[in-house]
Structures are given as structure tokens and as C-alpha cells.
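Have a look at the sequence and the model first, and then read on.

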Amino acid sequence: TQSQMNQTSGEVIFSLSGFNATTSYTVALFSLTLLCYCLILLVNVALILTVIFHQNLHEPMYFIVCNLCINALYGTAGFYPKFMYDLLSGAHVITYAGCFLQIYIIYSYAMVDFSVLALMAYDRYVAICRPLTYHSVMTRPRTVALVCLCWMVPLGCMLLVVGLTSMLKLCGSHIDKLYCENWSVVKLSCGSTKVNDVVGLIVIAFYFVHVLYIGWSYVQLVKSALSSKEGRGKFIQTCVPHLMCLFNVSTALLFDLMYSRYGSTSVPQGLRNFMAVQFLIIPPVVNPVIYGLILTKIRRRMMHLCAVAC
């Protein structure tokens, strides 16, 4: 199948066939999506403002949590507005430039999430395993520099990935998803995709190392926490929410990654759609709620903020 072309501009237009499973309940799905996106905006903005406006929350851990929420707003902006527009318009297509922009935003969001969670693990490791050196290690300039790296490396990685994909000659325009995804575009190529495959696997391996590091740091944290009552309290208070967030984003992305590369078309389209978007639904909603409920300082400040607003 030749790529569809806009007759006036010669631009490639991709069709998103994942929407075929949504036609019978468009209004209900749009309402739920709008509600979900409003909830994501509300909980993430509330936590960000709570951290910004309260001086006693200007600590490394809360600054890192704040960046997790900023990243959630960034990533979901690449999916929800277009998805809601497509539900209402009935024209389930996306331009070539729009497709690559969506790939860039959604997948750099996922990478930044892992980077921030790895930094959070490092912060907790220093706080619990090396408490006497914490303030000399996690200084404000160092924390800012590490957070900047958490953004710059993923954004750079995705520039490389998207750049390589954009160089491919495409022989199709059919994407079996609700949004543009890199591997789906690579599979439309007429020529060799070996370079894309290798770079993609290197990027996946690089972020898998993040997960291994987080796992290693938590082994150390558990060992340290078991040795004292204070350590156990600090671990439960600050590390359990982090582990829950890691589990959320890891399982959601693993589903998407495994299905994109090795999935079967025999799986119902509705289930495939859910597997493909859950990392854009669950972590952005659940992460700020977990931190808002479990971290005492944030919970108190957010309750105060709600009381003032009401």
C-alpha cells in the first residue's frame, strides 16, 4: 500500500486504525478521556504548586517529585488533546510532522520518567544509607544539574531515534494504534531498518540499566532500613511510594514495548488499545496521588491548599 498523499502538498498522512474499536462508544470514551485528562492536570498542577509555594518543601526529594509531575503534564499533552480531537472528528489521521512530534513527546516522556525515578532512588539511597553526608552530596546545584541530565539525555536520545526513523523511505501509512509510535512507523519502511533496530535496542538497554540500578539501590535501602527503627520508618514513608510509581510505569511500558514488537493481531483491538495507552493513564494520575497521600509534608500542605481553596 502506498502512503496516502495530500493532493495539494504531497505530505504523507498516516491513518490510525486503533480507533476502529472505539466507534460504537465514542461519546462515553470522550467523556471518560476528558475526565481523566482534567484529573491529570488537577493532581499534577496541585502538587507542583504545593512544592513551589512552600519553603519547607524546597528539598531535593520534593524537587525531584515536582519534576515527575511536570513530565506527566509534558507527556500527556502529546496524547490527550489529539486523541480527544480524533474521537470527535471521525477522521483518524495524523500528518507526517505531527506523527514524529507525537513519537518524540510520548517516548521522551517515558524515558524522562525512568531517569527521574533513578535519580529518586539515588536520593533515597544517600538519605538512608549515608545520612551524615546527605546535605553535602545532594546540594542544590548538584540536584539541579542531575535533574537537567534527567531531561537532556532522554530528549537527546529521542532526537537520534526520531531522526533515524525520519530518514526511512516508507511504503505504507497504516498505524495499528491510537497514536503514532516509533516501531509502527519503522515497520512501514521499504528498506533496511537494521540501524533503527540496533539504536532502538541500545536505548532500551540503557533504560533497562536504570531499572537494574533502582533495584540495586533498593536492596541496599532494605538492608539499611532493617538495621534500625528510624530507618524502617524513613523507608516506608519515602521509598514505598517510589517503588509503587516504578512498578506502575515499568509494567505499563513493558506491555506496550512487548506488544509493539512481538504482539499478535489475534488480541482484541480494545485490549491492544488499553495496553498501548495505560502508561499515559495510570502513572500520571497515580504518581502525584501516591506522593500526595504518603509524603506527610506534601499531604499536610495539599490539605491546607484545599481548605483555603474551599
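## A right-handed disulfide

The torsion about the S-S bond joining Cys-171 and Cys-190 is about 110 degrees, so this disulfide is right-handed. It bridges distant parts of the chain, 19 residues apart: Cys-171 sits in the loop between α6 (140-166) and β4, while Cys-190 sits in the loop between α7 and α8 (194-226). Keep in mind as you look around that this is a predicted model. Here the two sulfur atoms of Cys-171 and Cys-190 are placed 1.4 Å apart.

How accessible are these two cysteines? Cys-171 counts as partly exposed, at 31% relative accessibility. Cys-190 is partly exposed too, with a relative accessible area of 36%.

How many disulfides does the structure hold? There are two, and the other one pairs Cys-99 with Cys-180, with sulfur atoms 2.0 Å apart. This link also connects distant parts of the chain, 81 residues apart: Cys-99 belongs to helix α4 (residues 96-129), and Cys-180 lies in the loop between β4 (174-175) and α7 (182-186).

The link of Cys-99 and Cys-180 is left-handed, with -115 degrees about the S-S bond. Both Cys-99 and Cys-180 are buried. Counting bonded cysteines along the chain, the disulfides follow the pattern 1-3, 2-4.

Now for Cys-69, which takes part in no disulfide; its nearest cysteine sulfur belongs to Cys-66 and is 6.6 Å away. Is Cys-69 buried or exposed? Cys-69 is buried, with a relative accessible area of 2%.

Cys-150 counts as buried, at 8% relative accessibility.

## Annotated transmembrane regions

Let's finish with what the record says about the chain. In an unreviewed entry, UniProt annotates "transmembrane region" at residues 25-49, 61-80, 100-122, 143-168, 198-219, 240-262 and 274-294.

Two of these spans can be compared with the model. Residues 61-80 are 90% helix and 0% strand, and the C-alpha atoms at the ends are 29 Å apart. Residues 198-219 are 100% helix and 0% strand, with 31 Å between the end C-alpha atoms.

Terms used:
Residues are numbered from 1 along each chain as its sequence is written. This is a predicted model: local features need pLDDT of at least 70, side-chain atom pairs count only at pLDDT 80 or more; totals for chains, interfaces and linings use all residues. Side-chain values use heavy atoms; hydrogens and water are left out. UniProt positions are given in the numbering used here, feature names are shortened, and annotations may be inferred rather than shown by experiment. Helices (H or I, at least four residues) and strands (E, at least two) are DSSP runs, numbered from the N terminus. A disulfide is a pair of cysteine sulfur atoms within 2.5 Å. Buried means under 20% relative accessible area, exposed over 50%, partly exposed in between (1.4 Å probe, protein chains only).
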